[in-house]
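Hi,

Here's the structure I promised to pass on to you. Have a look at it first, and then read my notes below.

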Amino acid sequence: MCGIVGYIGKREAYPIIINGLKRLEYRGYDSAGIALYDGNEIQLCKTKGKVVNLEERVAQEISTKGSLGIGHTRWATHGVPNDVNAHPHYSNSGDLVIIHNGIIENYGSIKKELINRGYTFKSDTDTEVLVNLIEEIKKNENVKLGKAVQLALNQVVGAYAIAVFDKNKPDEIVVAKLGSPLAIGVGEDEFFVASDATPFIEFTKTAIYLEDEEMAVIRRGRDVKIRKIKNDKLVHPYVQELQLNLEQIEKGGYDHFMLKEIYEQPSVIKDTYRGRLLADEGIIKLGGLEDHISKFTNANRIIIVACGTSWHAGLVAEYIFEDWARIPVEVEYASEFRYRNPVITEKDVVIAISQSGETADTLAAIKLAKERGAFVYGICNVVGSTISRETHSGTYTHAGPEIGVASTKAFTTQITVLTMIALKLAKIKGTISQSDYMLHLRELDTIPTKVQEALESDAKIKEIAEIFKDAANFLYLGRGYNFPVALEGALKLKEISYIHAEGYPAAEMKHGPIALIDEHMPVVVIAVNSNHYDKVVSNIQEIKSRKGKIIAVVTEGDTTVREMADYVMEVPNIPEMLSPLVTTIPLQLLSYHIAVMLERNVDQPRNLAKSVTVE
Ligand code: G6P
């Protein structure tokens, strides 16, 4: 995964790069490094740990002069996270400096070849191999840096977003992309490079997103020349206006991005359906869907591919689509789907769900589905992301930037989009009655208020967190629409508190997990009003008789479960189909408070990254 930042222009590069790296830490934070060039000396500093560690080291060790620079924040793939493996990497001569996000898969054979030619390596990384391959080609073929990069990339197998400069060319940075994202910010006489637009948003609102297999030579005060890596063809740059603003990527008074993002849910859910849902008129308008409705209504089945939390949103959608639109749905882990030779036909519709729009496995699943003739629809949050471009059509979620590694608002906005799609299809297919259709449209329009009400239990949830923060294990149970919410609740707790947690369909408990229940086992049960309410009540009895501690998510005014449970977290009454949008809120808050009490790094939990651009 990793984040990369670069600058070439008229200002000091250091503050731009260091702040940019902080914004990209969601992409990895095992190590960080920077190289600055003032035309005389390259200053390079790198360290294990986070960008703040890098900042401290820079202050002690190097001059921060230079209006050309590149920086990197790493999520380790090859080589342990230490100072030596941190980027940037020099070539053997010391002339070339590179940063890289991705994996060079055939680095082993290239490394052997280079060693035979006398090259030595300081690190265990694939990246150091790449920069020396570039150097070898540059020397041997007597070509400029851009050409050498191009020839080298034609020899490598893998994924990359790279930025490299040459000591002998102080006015040039060369960048290239395949599989990992790369944006070029275009300012006045200055250019920025980054894994996404957040590092340069306060400097320019104009950006070029490189496509796969494209490279660019960026020349100070002049231009950006984009070429196809394979055939050297010049590409006319497609310059985009960015919608992002600075406030959206700052914490806005909250202690953590995750908490800010949990609290943003009422407004971003509204943003997601604004202009698309006209509840009183009974209209759902989704630009990306209108021209392709028949693909969906004629589909034999819908296959949803996703990873992590997005996969959980897909599971919720399975219930909604099957229940209301009567279309068979399969929900697949993208990583499994892509490798198991799935049966896909032209009559299948594939929905790919991804917050970042960059997840490598989801992207590979999309490519496979397209090759086999399926129509592929994307639900992404990041505008212009690779998945949003690779799919035939799609809908953006409008959640705004999600920085906390644990996904929260992306999940609820994904469900909002999926619900609108399902309701629209159900209406067209005639599988929903007019009254149910109108009821659910109007109820969807009340979700922001109901999520707001659910957030008001925060103080109470914090008290519950205090009681259970030292538990070693948690079980999460739900049925029907709320089974995926149980999975998501358990995932949130694992991710940020490092407490072991499992989500289960409540009825499956008796096929195994019940053996774990004793007085030390907190069991979070989603027991809101639904068709399965009585069944969930029975499951609660089963836990109670084994002395498990019950924390129940209940509907306001509930008395039955309240009497049985040890603790309750209330949410407003809501039709079952829409309930995951609200029941997930207390579970997010519970995980958040436990993680804070355990002094975990909530926004950047260990070993995780926000955008997983490697398999
Ligand atoms: C990572 C993140 C998760 C996310 C998953 C899928 O594991 O930490 O929060 O759900 O990737 O990411 P995507 O961007 O495709 O939704």
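Let's start with strand β23 (residues 473-478), which pairs with β25 in the parallel sense over 3 bridges. (Strands are DSSP E runs of at least two residues and helices are H or I runs of at least four, both numbered from the N terminus; two strands pair if DSSP finds at least two bridges between them.) Before going on: this is a predicted model, where local features need pLDDT of at least 70 and side-chain atom pairs count only at pLDDT 80 or more, while totals for chains, interfaces and linings use all residues. Residues are numbered from 1 along each chain as its sequence is written, and side-chain values use heavy atoms, with hydrogens and water left out.

Back to β25 (residues 522-526). L475 stands opposite V523 in that strand. β25 also runs parallel to β26 (residues 549-555), joined to it by 5 bridges, and there I526 has V553 as its bridge partner. How many of the residues of β25 are buried? 5 of its 5, where buried means under 20% relative accessible area with a 1.4 Å probe, protein chains only. Both faces are covered, with P522, V524 and I526 on one side and V523 and V525 on the other.

Next, the open sheet. It has 7 strands in the order β5-β6-β7-β8-β12-β13-β14, with antiparallel pairing. Its edge strands, β5 (89-90) and β14 (234-235), each pair on one side only. β14 is held to β13 (residues 224-228) by 2 bridges, and R227 has L234 in β14 as its bridge partner.

Now the pockets. A pocket is an open set of points on a 1 Å grid over the protein atoms alone, where a 1.4 Å probe fits, with protein on both sides within 12 Å along at least five of seven lines; lining residues have an atom within 4 Å of a point. The largest pocket has a volume of about 710 Å³, a volume being the space filled by probe spheres set on the points, which are joined across faces, edges and corners. Its lining has 36 residues, with L244, N381, V382, V383 and P401 nearest the centre.

The second largest pocket holds about 530 Å³ of space. It is lined by 25 residues, and C307, G308, T309, K610 and V612 are the closest to its centre. Which element gives the most to that lining? α10, with 3 residues.

Enjoy exploring!

Methods
Buried < 20%, exposed > 50% of the residue type's maximum accessible area, 1.4 Å probe, protein only.
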